[in-house]
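Good morning, and thank you for coming. I shall take you through a few places in one structure, step by step.

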Amino acid sequence: MTPGREYFAARGLRGKTSVPTVLSLNDVHKSFGGIEVLRGVSLEAGDGDVVAIIGSSGSGKSTMLRCIPLLEMPDSGEIAVAGETIAMRETRHGRRAADDAQVQRVRGRLGFVFQSFNLWSHMTILENVIEAPIHVHKRQRAECIAEAEALLDKVGIVEKRNAYPAELSGGQQQRAAIARALATHPRALLFDEPTSALDPELVGEVLLVIRALAEEGRTMLIVTHEMNFARDVSNRAVFLHQGRIEEEGPPEQVFEQPVSERCRQFLTSHLARRG
Amino acid sequence: MTPGREYFAARGLRGKTSVPTVLSLNDVHKSFGGIEVLRGVSLEAGDGDVVAIIGSSGSGKSTMLRCIPLLEMPDSGEIAVAGETIAMRETRHGRRAADDAQVQRVRGRLGFVFQSFNLWSHMTILENVIEAPIHVHKRQRAECIAEAEALLDKVGIVEKRNAYPAELSGGQQQRAAIARALATHPRALLFDEPTSALDPELVGEVLLVIRALAEEGRTMLIVTHEMNFARDVSNRAVFLHQGRIEEEGPPEQVFEQPVSERCRQFLTSHLARRG
Amino acid sequence: KEWTTLRVATEGAFPPFNSQTPDGKVIGFEPDLLEVICTRAKLKCETVIQEWKGIIPGLLSGKYDAIMSGMSITPKRLEVIDFSIPYTNSPSTFAVMADNPLAKALGADARIYLTDEGTTKSSTEIATKALEGKTLAVQTATIQLDFAKTYLKGVKTRVYETTQEEDLDLKAGRVDAIFASGSSLVSTLEQSEGKIVLAGPKFYDGLLGIGSAFGILKDQPDLKAKLDAAIKSTIEDGTVKTLALKWFHVDTTPRQ
Amino acid sequence: MAYFTLIGFGPRGWGAALAQATLMTLAVSIAAFGVGIVFGMFGCWAKLSGSVVARGAATAYTTILRGIPDLLVIYLLYFGGSQAIGSIARLLGHQGFFGLNGFVVGTLAVGIVSGAYETEVLRGAYQAIPRGELEAARVAGMGRLLMLRRIIAPQTLRFALPGMGNVWQLVIKESALISVVGLVEIMNQTRIAVGSTGAAFSFYATGAALFLVVTTFSGAAFRRAERWAMRGMPSGGGRRA
Amino acid sequence: MTEFGFLSETFLTLIEGVPVTLTLVTSSVAIGGVLALALTLVRRASTIGNWLVSAYVFVLRGSPLLVQIFLIYYGLGQLGFVRQSFLWPFLREPYWCAITALALNTAAYQAEVLRGGLNAVPNGAIEAARVCGMTRFTMLRRIILPIAIRQALPAYTSEVVIMVKATSLASIITLFEVTGLAYSLVSETFRAFEVLSVAGAIYLAMNYALTTAFAVLERRLTPQSLPVPQRPISVA
Ligand SMILES: Nc1ncnc2c1ncn2[C@@H]1O[C@H](COP(=O)(O)OP(=O)(O)OP(=O)(O)O)[C@@H](O)[C@H]1O
Ligand SMILES: Nc1ncnc2c1ncn2[C@@H]1O[C@H](COP(=O)(O)OP(=O)(O)OP(=O)(O)O)[C@@H](O)[C@H]1O
Ligand SMILES: [Mg+2]
Ligand SMILES: [Mg+2]
C-alpha cells in the first residue's frame with residue numbers, strides 16, 4: 001500500500017500554511033472538576049489534511065476532539081472551522097457560545113464519529129444515516145436514501161439497513177456510525193477511534209475510504225490507538241500527553257524519530273510487539 | 001517478549017484433553033430472527049488455556065461468547081463450565097435454563113468483559129468493582145476494597161476510584177470493566193475485545209495481566225481484532241467465519257500456515273499493513 | 001329491641017338546618033330540636049358527622065341508627081329506608097337579584113298546594129312564561145329538580161351540587177333565578193345583604209313531599225313509634241314553631 | 001367576617017380545625033403512598049415476570065383500578081367491608097355495627113389505587129435501564145433478588161422519581177376523596193366550613209393553599225431525592241442543549 | 001323493579017354522559033399536550049423560563065383540580081372587570097371553563113411526565129444530534145422527543161386515564177358527565193353499589209380502549225422488544 005504513503009508524503013511536505021486552514025484550535029484549555037485535561041492545545045489542519053492523534057488513555061484526545069463542535073465548552077482558547085471563528089461570550093454561568101445559529105452552521109459542516117458510536121436507538125440504520133441530510137441539510141429524501149445505501153454498501157452493512165442499532169454487532173455499529181458521519185458531505189471529519197471494533201480487513205477498507213476522502217480535499221482528525229493505521233492514513237501525526245501536544249510532524253518523523261522522550265517510550269511498547 | 005511466547009508454545013503442545021476441561025461448547029446453534037448466526041460451534045478450553053477468537057465483523061464472535069453465561073440462549077447445543085453442563089428444558093416459549101440456581105452458580109464462576117463495558121452507571125468505579133465480591137460472593141467489605149484498589153492500581157486507574165463511569169475516558173472505562181471481571185477470582189474469563197479502547201502501552205500491560213492469570217491456571221477466551229495481541233496472548237487460536245469455526249490450532253499455525261482459504265485471506269490484510 | 005341510645009347522623013354543613021362551629025359543635029334548627037326530642041323519648045343521643053353522599057349507605061351499613069339532616073321524604077328514598085313523621089315542612093320558591101324585573105314577573109307571593117290542580121296550573125304557567133329565555137338554577141337530586149322538570153317545562157335549567165354555588169352564579173349573572181327550599185334560601189338572603197330577594201309563589205306538598213323527617217332503617221317499628229310520638233309532642237306544644245322562627249324566620253311546622 | 005378572623009385561631013376562626021385537617025391529610029397520604037409503593041412493586045414485578053398468570057393478574061389490576069372511579073373502590077372497601085363483616089357477625093349472633101377503622105380503610109383504598117399507577121411508573125423506569133448493565137449483573141452471578149436490590153432498584157428509582165412525584169401528588173389529592181368514610185382532612189374540613197359559613201372563596205383558596213404547603217415540603221424532598229438519584233450522570237440525559 | 005331492569009335503566013341514564021366526558025377529555029388532553037410541550041420548551045430555553053415553568057407546574061400540581069375548576073369558574077365570575085371583558089361570553093360557559101381548567105391542569109402533569117422521559121434520553125444520542133448541526137427544534141422533534149415520549153408513554157397513559165376520571169369534577173360547574181350523573185342517581189336511589197358499578201363498567205370500557213390503544217402505540221415504538229433480547233448500544 002505504498003502508493004498512498006507516497007501520495008501523502010508529497011502532501012506532507014507542503015507545510016502547514018500552503019492550503020487554507022479548515023480546522024484550527026488555538027490555545028484550548030479545558031478542566032473537569034478542577035483537573036485540567038487540556039492545557040493549551042493548538043492545532044491547524046487544511047484541505048486534504050489527515051491528522052492522526054495518538055496518546056495514552058486519558059491524555060485528552062477525546063476531549064480535544066469533542067471541543068471542536070463544542071460538545072465540550074473550552075474554558076479558554078479559540079476554535080475555528082472553515083475560516084469562521086466560533087464566537088463565545090462569558091456569562092454568569094461560565095462560557096457560552098454567543099450565537100447558536102453559528103454553532104449549528106459550523107456543526108453542519110462537520111462529521112463526527114463517536115468513540116461509543118451513539119447511534120439513535122429509535123431509528124433503523126438507514127434512518128440514522130439519512131436523518132441529518134434530510135432534516136439539517138434539507139435535501140431530497142429519495143436522493144438521500146440512494147446515497148445512504150451506497151455508503152452503507154461501501155462499509156459493507158447495506159443488508160442491515162432496516163435493522164435497529166441494538167441488533168448489530170459492535171463492528172457493524174461502528175461502520176454505521178462512519179456512514180452516518182459521511183452522509184452530510186462534511187468539510188471536515190472528526191473520528192474518535194473509528195476502527196476500535198473493526199477487524200483487520202475492515203480497518204484496511206476504512207483506510208481506503210479515508211484516503212479517498214482526503215483526495216477529495218476533505219480534512220480529517222483521527223484519534224486512534226492503532227499505530228499502523230495511524231501511520232498509513234495520516235499525512236501528519238500529533239502525540240498528546242497529559243493535555244499538551246508533545247510531538248507533531250509528518251508520520252515518518254513522529255513514528256520513527258520522535259523528539260520527545262515520552263513519545264518514544266509510548267511507541268516502544270508498540271514496536272516491541274510488532275516483530 | 002519471547003519468554004511468554006515460549007511458555008505458551010510449550011503448553012500448546014499439551015493437546016486438548018490433557019487437562020480438565022473448564023469451558024466447553026458443544027454444537028451450539030443460534031439464530032436471530034431467522035438468520036443463523038452460530039451454525040454449530042464446538043470448543044473446549046482447559047485450565048490455563050488462553051484461546052484467542054478472531055474473525056471478521058459480524059461472524060458471531062460476541063454471540064458465541066455471550067452464549068456461555070447464557071446471555072443469549074442457544075437454540076441447540078450444550079454448554080459446560082467447570083465440568084457442569086448447564087441443564088436446559090424446552091418450554092412453549094422456547095428453550096430455557098432448567099435450574100436458575102445452577103445458572104447463577106455457573107455465572108458466579110465466570111468473569112465477563114463486555115465489548116461495550118456495561119459499567120453500572122449509578123455506582124462509582126470502586127463500587128462497580130466490589131459489587132459482586134461483596135454481594136454475590138459474600139466476602140468482607142474491607143478486604144474487597146483493599147483488593148479492588150490493588151486491581152485498579154494494576155490497570156492504572158486507582159485515582160479514578162470515586163469517579164462515576166460517565167466521567168471516564170473510553171480506555172479508563174475499559175480498564176474498569178477488566179478490573180471488575182477480575183475481582184471475583186473467576187475460574188474462567190471471557191473477554192470481548194478487551195483492548196479496543198486501549199493504547200499500545202496499555203495493550204502491553206493487559207497482555208501481562210492475562211499471562212499472569214494464565215499462569216495461575218485460569219482459563220480465558222479472548223475475542224480480539226488485534227492480531228499481534230491475539231498471537232502474543234494465546235496458546236490456541238480459533239478463526240470464526242459465518243458462525244462456524246474454520247480454523248483452530250496453536251497460534252503459530254493459525255497465524256502463519258492457516259489451512260482455510262478464508263482465514264488466509266483475512267490475515268493478509270493484516271499482514272499487508274504490518275511491514 | 002329496647003332503645004336507650006341513638007346515634008344520629010348529620011351533614012353539619014347545611015345551614016340553617018345544621019352547620020358547625022370551628023370547634024366541631026353542630027348548631028342549627030335540627031340539633032336544637034333533636035335535644036328536645038331525645039329528652040322526651042328518653043334517649044341518649046349521639047351525633048355523627050357524615051358527608052351527604054355517604055349518609056344513606058352509612059345508615060344501611062349500621063354506622064348509625066338515624067339520619068337527621070334536612071332529608072325530605074320522597075318515594076325513591078322510601079324504597080330503601082323508612083321515615084318518621086316530618087318535623088318541618090318548608091315551601092319551595094324562587095330567589096332572584098333584587099334589581100331584576102323577574103322579581104315581579106314570577107307572580108304574587110301566595111301559598112300554592114300542588115294538590116290543588118287549578119291554582120298550580122295558573123301559577124306555574126306565569127312562572128314558566130316569566131322564565132322564558134332565562135336560566136334557572138336547581139340543586140341536583142332534589143325534589144325541586146323534579147318540580148322543575150314536571151311543572152316548568154321548557155325552562156332552561158342548570159343543575160348544581162350545592163346551594164353556595166347557586167348563589168355565586170346568581171350573583172355572577174350566569175343564572176337568573178334559583179328554585180329551592182325556602183328554609184335553605186334563608187341563609188342565601190342573609191349572606192347577600194339584601195341583594196337577593198325571594199320571588200313568586202311558595203309551593204307545598206305533592207311532588208315536593210310532606211317535609212323533612214328522621215330517616216331510619218326499615219322494619220324498626222319500635223324506634224319509629226318512639227320518634228313519631230316525640231315529634232308529635234314537639235309540634236303540638238309549639239316547640240317546632242319557636243325553633244323554626246328562630247332559625248328560618250318563618251313557621252315551617254308541617255300540616256298534621 | 002374578615003378573612004383573617006375566619007381562618008384565624010380565635011373562637012370564631014377555623015385555623016385550628018384546618019391545621020388538624022392538614023395533619024390528617026399528611027398522615028393518610030404518607031401511609032397510602034407507602035402502601036402504593038408496595039403494591040406497585042408487586043405489580044411491576046408481575047408485569048415483567050415471565051409468568052402468563054402473573055402478568056394477566058397485574059394487567060387486570062392496573063386496568064381495573066386505574067379504570068374505575070376511585071370513589072367506587074373506597075365505597076366497596078368501606079361500606080362493603082363493614083356490611084360483610086356485619087353480616088358475618090350477625091350470623092354468629094353479635095349485634096351492632098362492625099365498623100372498619102376509617103383511617104385504615106381509606107389508606108388501603110387510596111394505596112391500592114395508587115399502586116396501580118405506581119406499577120406503570122416503575123415499569124416505564126425499569127425499561128429505561130440500559131440492557132447492558134443488567135447483563136453485566138447477570139454474568140456476575142447475581143440472583144434475581146440481589147440484582148433487584150443492587151442494580152434494578154437504584155436505577156429504576158432514578159428514572160421513576162419524576163413519575164413517583166406525580167403519584168404522590170395524586171395520593172395527596174385522592175386523600176380528599178376518603179371524606180366519605182368520615183375522616184376530616186383538608187377538603188372535608190373546607191367543605192364543612194364553606195357549608196357552615198358560606199364563605200366559599202376564602203375557604204377554597206385557603207384549602208388550596210394548605211395543599212400547596214403540603215406539596216412544597218414534599219416537592220422539596222422529591223427534588224433532593226432526584227438529585228441524589230441522578231448522581232454519576234453529570235451530563236445526564238435531557239440537559240439543556 | 002327487577003335488578004336487571006334497574007341496571008339497564010341506570011346504564012341508559014349514565015351513557016348519556018359519555019359524549020360530555022369524551023369531548024372534555026380529548027380537547028383538554030390535546031390542548032394540555034400542546035401547552036406541556038410549550039412549557040417544556042420554555043423550561044429548557046432559559047433559567048428564568050425554567051423557574052417560571054417550575055412555579056406553574058408546582059402550583060397546578062400542588063392544589064386539587066376541584067379547587068382550580070372552582071376558582072376559574074366561580075372565582076373569575078365574581079370579578080366585575082372579567083364580566084365586562086371580551087372574555088366573558090367564553091368564560092360564562094361552564095363548558096369552556098371546564099376545558100380551560102382541565103387543560104391547564106393536565107399541562108402541568110404532562111410537562112412533568114415529559115421531563116421524566118427526557119431524563120431517560122441517552123446523552124450520546126443528543127450529542128450525535130448536536131454534532132450534525134441540528135437546531136434545537138429539529139433535535140427536539142427528531143431525536144429527543146421520539147425517545148422521550150417512548151420512555152414516558154406508560155406514565156402518559158396513566159395521565160390520560162386520570163383525566164378521563166377527572167372530568168367528573170366538571171359536575172361542580174353544572175356539566176353532568178358520567179360520574180356526575182351517577183352521583184345524582186345515587187342520591188336519588190341510594191343504590192350506590194349498583195350505580196357506581198355501572199359507572200365503573202362504563203369507565204372501564206373507555207379506559208380499556210384507551211390503554212389498549214396506548215399499548216399498541218408503545219409496542220410500535222419499541223423496536224427492541226422484538227423477540228430477541230436487547231443489546232447495549234453504547235456506554236457513556
Ligand atoms: N439481537 C440481535 N438481533 C438481530 N441480529 C443480531 C442480534 N445480535 C447480533 N445480531 C447479528 O448477528 C451477527 C453476529 O453478531 P456478533 O455480535 O456476534 O458479531 P461479532 O463477530 O461480535 O462482530 P464484531 O466484531 O463486529 O463485534 C451480526 O450480523 C449481527 O447483526
Ligand atoms: N465529564 C467528565 N467529568 C470528569 N472527568 C472527565 C470527564 N470527561 C473526561 N474526563 C477525564 O478527562 C481525562 C481525559 O479524557 P479523554 O476522554 O479526553 O481521554 P482520551 O485521551 O480520549 O482517552 P481514551 O484513549 O481512553 O479514550 C480523563 O482522565 C477523564 O477521566
Ligand atoms: Mg477517548
Ligand atoms: Mg462483537
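A polar backbone atom of G170(B) lies 3.4 Å from an oxygen atom of ligand 2. Please bear in mind throughout that the model on the screen is a predicted one. For G171(B), a backbone N or O atom is 2.6 Å from an oxygen atom of the ligand, and for G60(A) the corresponding value is 2.9 Å. Taken alone, ligand 2 exposes 630 Å², of which the protein buries 87%.

Which residues are the closest to ligand 2? They are S57(A), S62(A), T63(A), S169(B) and G171(B), out of 20 residues that surround the ligand. Because residues from chains A and B surround ligand 2, the site is shared between chains. Helix α2 (61-67) of chain A and helix α6 (170-182) of chain B each supply at least two residues of this shell. Sorted by class, the shell around ligand 2 holds 13 polar, four charged and three nonpolar residues.

Let us now turn to ligand 1. This ligand lies between chains A, B and E. It is surrounded by 23 residues, and the closest are S169(A), G171(A), S57(B), S62(B) and T63(B).

Several side chains make polar contacts with ligand 1. A polar side-chain atom of S62(B) is 2.6 Å from an oxygen atom of the ligand. In the side chain of K160(A), an N or O atom lies 2.9 Å from an oxygen atom of ligand 1. H225(B) also takes part, with a polar side-chain atom 3.2 Å from an oxygen atom of the ligand. On its own, ligand 1 exposes 640 Å², and the protein buries 94% of that area. The elements that give two or more residues to the shell around ligand 1 are α6 (170-182) of chain A and α2 of chain B. By class, this shell consists of five nonpolar, 13 polar and five charged residues.

Which residues coordinate the magnesium ion, ligand 4? The ion is coordinated by S62(B), through OG, and by Q115(B), through OE1, at 1.9 to 2.3 Å. This pair links distant parts of the chain, for S62(B) and Q115(B) are 53 residues apart. S62(B) sits in helix α2 (residues 61-67) of chain B, while Q115(B) is in the loop between β8 (110-113) and α4 (125-135) of that chain. Are these two residues buried or exposed? Both S62(B) and Q115(B) are buried.

Next, the cysteines. A disulfide is a covalent bond between the sulfur atoms of two cysteines. How many disulfides are there over all chains? The count comes to one. It is formed by C38(C) and C45(C), whose sulfur atoms are 1.9 Å apart. The link between C38(C) and C45(C) is left-handed, with -85° about the S-S bond.

The two partners may also be described by their accessibility. C38(C) has a relative accessible area of 6% and is therefore buried, the limit being under 20%. C45(C), at 29% relative accessibility, counts as partly exposed, because that class covers values between 20% and 50%. C67(B) is buried at 0% relative accessibility, and C144(B) is buried at 3%.

I shall end with the backbone. Most residues other than glycine have a negative phi, and most peptide bonds are trans.

The peptide bond from P15(C) to P16(C) is cis, with omega near 0°. P16(C) is placed in the loop between β2 (13-14) and β3 (18-20) of chain C.

L70(A) is not a glycine, yet its phi is positive, at about 60°. L70(A) is found in the loop between α2 and β4 (76-81) of chain A, and its relative accessibility of 5% means that it counts as buried.

Q242(B), also not a glycine, has a positive phi of about 45°. Where in chain B is Q242(B) found? Its place is in the loop between β11 (236-241) and β12 (244-249) of chain B.

Thank you for your attention.

Notes:
Residues are numbered from 1 along each chain as its sequence is written. Chains are lettered from A and ligands numbered from 1 in the order in which they are written. This is a predicted model: local features need pLDDT of at least 70, side-chain atom pairs count only at pLDDT 80 or more; totals for chains, interfaces and linings use all residues. Side-chain values use heavy atoms; hydrogens and water are left out. Donors are N, O and S atoms within 2.8 Å of the metal (3.2 Å for Na, K and Ca); water is not among the atoms, so sites may look incomplete. Helices (H or I, at least four residues) and strands (E, at least two) are DSSP runs, numbered from the N terminus. Buried means under 20% relative accessible area, exposed over 50%, partly exposed in between (1.4 Å probe, protein chains only). A residue is near a molecule or strand if one of its heavy atoms lies within 4 Å of it. A polar contact is a pair of N or O atoms within 3.5 Å; within protein, one must be able to donate a hydrogen and the other to accept it, and residues adjacent in sequence count only if both atoms are side-chain atoms. Accessible areas come from the Shrake-Rupley method with a 1.4 Å probe; for residues, only the protein chains shown count as cover. Ala, Val, Leu, Ile, Met, Phe, Trp, Tyr, Cys and Pro count as nonpolar, Asp, Glu, Lys and Arg as charged, and the others, Gly among them, as polar. A disulfide is a pair of cysteine sulfur atoms within 2.5 Å.
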